[in-house]
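I opened the notebook to look up side-chain surroundings and ring pairs, and I keep the entries in the order of looking.

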Amino acid sequence: MRSKSGFSFFSKMTSSRKRPSLSIPSKSYESSDINKTIDNAAEIIEKWNTEYVCTNKFYSLFCESKREAKKFVKRVKELQNAMDMLIREDPNSENLLRAQNLMQIAMKRLQKEFLQILSMNRAHLDPESISSRSPTSVVSNDDDIWHESRSAGDSIIEVEEVSKNSRTELKSIADCMIAAGYAKECVSTYKSIRKSIVDESIYRLGVEKISSSKAKKMPCEVVGLKMNRWIEAVKVSMKTLFNGEKSLCDDIFESSVSLREACFRDISKEGALLLFGFPETIALRDKKNPHPEKIFPLLDMYCTITENLLAIESIFSFPSISIVRTQAHSSLSRLSESILSHLVDFESEIRKDSSKTVVRGGGVHPMTISAMNFISRLAEYSTALTNILKGSSSSSSAKSLLPKSYFNVSESEESPVSELKVRFAWMILVLLCKIDGKAEMYKDFSMQYLFLANNLQHVVSRARSTNVKQVLGDDWIAKHSEKVSQFARSYERLAWGPLASMCPAISTSEAVEMSPEEAMMQFKKFNETFENTCEAQSECIVLDPKLLDEMRISVGRKLLPVYRDFYNAHRNAVMLAGTEGEWNVRYTPEDIGNHLSELFSGKGISENRYVCTPDFCTVTTATPTPGRKTRSVSCRRF
């Protein structure tokens, strides 16, 4: 405690401190008034210095009697006023020396009371009641993370329900000690308790210091768990821990801005730097080992900081703690760099894909599915990516490589929205170029176009049903939907063109006047061509329901109307042919329709073969086992 004594100490003390809350009388006290004030103070100060002193137990003034505690503080303030008057009017007075000794005793008592209240009311003043919990190592799964963070968060919420009485008592003690020149002792006691609480709270939330070398050696699963815990820790810390701690500092040291700043800085600086330094360490680790899927936890961390940036700027607004704000911005910068490197790595992986897998039936390539899953999920972070891509060199290079006509450009060259759109369009274009190359693995040109139609349709469908649509816009969707239709038409022209070319021949006016023999030959040619075409296209697959319906309808419109007209015109006039009197009309318009309705399912064509006579139809069908069986059914064609 105070070792300085004598009047010189009080002269220095009163000249250096300011006590705006204490009123100084405008005229001198009478000697009897001063003596009475000192006597009144001595009565209660000495009482609690002798009667309530025990080596084994501390009797708290504020716990034993709230009324007595208020009286104690009041008498100390009156004593301080008396000392001020004596210093000005009678600095050599013995009363001043007596008052000094009483003040030192009172300050020692108040410092102990201050410590006692802080220690005994951790449950109310502590942002997280951690003292009763044991440290926990890395948890095993996300559910554990949620429950651990929720538990810590529930405890930290108690800062919002801090005991009003405890705060009031601490504030009254702090005001009294600061006014008496004992601010250093008061602040030291306060920081000794509060800093340990903040540091332990950060630890309980799962945040610990990790070196770059240690982070590099950590398994990805462990790093992922730590990242998830960090995100929850930031939410809890900013909402209650640091915010509550600053509120407590502001309340207790309301009388001194400099003390509020110093206390909060010393209490929270280390924990806050640890908290906001973690993303930078992880970002540097992942930047050197890029992998597309790692981008999403990094984006989550980036969003967590940006969402709390205003709170960070507000809570850590003091100039002396600006390093925390700087660290948060530094982590954002590092995360941005790492995220951009992962985007570049995603494009590189697509370009380097060398798989020779030929997808059965011209279906959707696995690379298309995985790439669009990635891009669709990436679009959920459009706001964050807008900020990250702003002014990035990789975004500018993508913009320069895209054809000028790729968009209906109405945006300014430097628009951040345009940069986001360009980057997404570029990633999809890289994918489509790779798909275009893989289409060449099909020897049949029609299959190449079907493959392109299927894959582009998957791209468009995923874009339309996710946030990619908001990023790229309706024009992009419409433009690429039309491209799907062009690929589908090219497929139809090559695959079904020979059969379709026969339709005009059987629908002309000459076809109406042809003889039964000529009609029979026309039926035969059409049947053979139809069967060969169906056989060739039997394994074709179209997975998208909308595209499937459109292509079936399109093929049907080319064939069914003309075939139906020809069939209706000649079915009763066709003459018997062959040595055994069989009819060579194998397919009714309904049969053609049924076959077409099974197209693009990848199941193969129906292997039914019809041999019809006026009395019965023999249907040759495939069986599950090798060989065929023949069954007769009632003829419905004549």
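Leaving aside its neighbours within four places in sequence, which residues is Gln457 in contact with? I find Val484, Asp544 and Leu547, where contact means heavy atoms within 4.5 Å.

I note that this is a predicted model, in which local features need pLDDT of at least 70 and side-chain atom pairs count only at pLDDT 80 or more, while totals for chains, interfaces and linings use all residues. Residues are numbered from 1 along each chain as its sequence is written, and side-chain values use heavy atoms, with hydrogens and water left out.

I placed Gln457 in helix 20 (residues 445-464), helices being DSSP runs of H or I with at least four residues, numbered from the N terminus. Gln457 has a relative accessible area of 7% and is therefore buried (under 20% relative accessible area, with a 1.4 Å probe and protein chains only).

Next I turned to the rings, and the structure holds 17 aromatic pairs (Phe, Tyr or six-membered Trp rings with centres within 6.5 Å; stacked is under 30 degrees between planes, edge-to-face over 60). Phe523 and Tyr563 are edge-to-face, at 6.2 Å centre to centre and 80° between the planes. This pair links distant parts of the chain, with Phe523 in helix 24 (residues 516-536) and Tyr563 in helix 25 (residues 545-570), 40 residues apart. Phe523 is buried at 0% relative accessibility, and Tyr563 is buried at 1%.

Phe526 and Tyr563 form a stacked pair, at 4.6 Å centre to centre and 20° between the planes. I also recorded that ring pairs link Phe523, Phe526, Phe530, Tyr563, Tyr567 and Tyr587 into a cluster.

Methods. Helices (H or I, at least four residues) and strands (E, at least two) are DSSP runs, numbered from the N terminus. Buried means under 20% relative accessible area, exposed over 50%, partly exposed in between (1.4 Å probe, protein chains only).
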